[in-house]
Every structure is written in C-alpha cells, then in structure tokens.
Amino acid sequence: MSDGSEYTDYRLDYAWVSPASAEGWVCPDDKLKYFRATHEDRGETHVQVFCYDQRVVVQAGWRDEEPTYAWLGRSVPERSDFRIAVTISPGSEDAYDSGVQRVETGIGRWYGNVYVSH
C-alpha cells in the first residue's frame with residue numbers, strides 16, 4: 001500500500017505440478033489431450049501424453065475388449081510445472097481474477113522415476 005502497510009485483500013493459489021499428472025501437460029485450445037499414467041511396482045511411473053485432433057476406431061473390440069484407436073493430428077504438449085491463480089478483492093463487485101496461469105519454470109526438468117513418451 002502507499003502508506004507502507006501490507007496489502008492483504010487477495011487470494012493466491014499455486015502449486016508445483018508433477019509430470020505424472022495430466023495437469024502437468026498443456027495442449028492448444030483447438031486440440032484434445034490423451035494422458036495415461038501407469039505406476040510400476042518398482043516405483044516407476046510411465047506417462048504417455050500427446051495432443052490430437054480426432055480419435056477414430058480402427059478395430060472394434062471383441063466382447064469385453066477395448067477397441068483399437070488411431071489418433072489423428074498428434075502433436076507434443078507443452079510441459080507446465082507450476083500453476084498459479086490470483087484473485088484481487090475476492091468476493092467484491094470489483095474483484096479481479098487472473099484465471100489459472102501455467103508456467104514451465106525449467107526447475108522441474110528432472111522427472112525422477114517418471115518416464116514420458118509422446
């Protein structure tokens with residue numbers, strides 16, 4: 001504030017986002033996202049993630065089997081390792097909401113036991 005006091009009329013929501021989470025990957029607005037994470041007994045997580053335009057059935061499933069799909073217009077999603085949202089004067093008529101902002105800080109380049117394929 002101009003008098004040197006702390007401004008407290010805000011809400012700040014933020015979090016580090018794991019690459020093993022669907023939230024950690026961002027596709028363009030005109031694309032859909034495929035995300036699948038499998039957790040292995042030995043502590044590894046395998047992630048398959050990509051953006052796509054359309055999913056089509058190439059072979060119908062038999063009885064309880066899943067059909068086989070092809071994903072058209074595939075592309076690599078952007079990695080996002082930090083999420084933040086700010087609201088100024090929450091609950092008031094003049095409230096400002098930044099919406100969720102996603103950032104790739106570069107800090108989370110090492111994924112540990114998370115293996116990613118696109």
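## Exercises: cross-links in a predicted model

R102 forms a salt bridge with E23, with the closest N and O atoms 3.4 Å apart. The model is a predicted one.

**Exercise 1.** Which parts of the chain does the R102–E23 pair tie together?

*Solution.* Place each residue. R102 lies in strand β10 (residues 101–103). E23 lies in the loop between β1 and β2. The pair therefore ties together parts that are 79 residues apart in sequence.

**Exercise 2.** Trace the network that E23 belongs to.

*Solution.* Start at E23. R83 also forms a salt bridge with E23, the closest N and O atoms being 2.6 Å apart. R83 lies in strand β8, so this pair links parts 60 residues apart in sequence. Next, D13 pairs with R83 at 3.1 Å between the closest N and O atoms. D13 sits in strand β1 (residues 10–16), so that bridge spans 70 residues of sequence.

**Exercise 3.** Is R83 buried or exposed?

*Solution.* Buried means under 20% relative accessible area. R83 has 16%, so R83 counts as buried. Now check its partners. D13, at 40%, is partly exposed. E23, at 29%, is partly exposed.

**Exercise 4.** Locate the disulfide and describe its setting.

*Solution.* The structure holds 1 disulfide. C27 and C51 form it, with sulfur atoms 2.1 Å apart. The angle about the S-S bond is -95 degrees, and the link is left-handed. C27 lies in the loop between β2 and β3, and C51 in strand β4, so the pair ties together parts 24 residues apart in sequence. C27 is buried at 14% relative accessible area. C51 is buried at 0%.

Notes. Residues are numbered from 1 along each chain as its sequence is written. This is a predicted model: local features need pLDDT of at least 70, side-chain atom pairs count only at pLDDT 80 or more; totals for chains, interfaces and linings use all residues. Side-chain values use heavy atoms; hydrogens and water are left out. A disulfide is a pair of cysteine sulfur atoms within 2.5 Å. Helices (H or I, at least four residues) and strands (E, at least two) are DSSP runs, numbered from the N terminus. Buried means under 20% relative accessible area, exposed over 50%, partly exposed in between (1.4 Å probe, protein chains only). A salt bridge is a side-chain nitrogen of Lys or Arg within 4 Å of a carboxyl oxygen of Asp or Glu.
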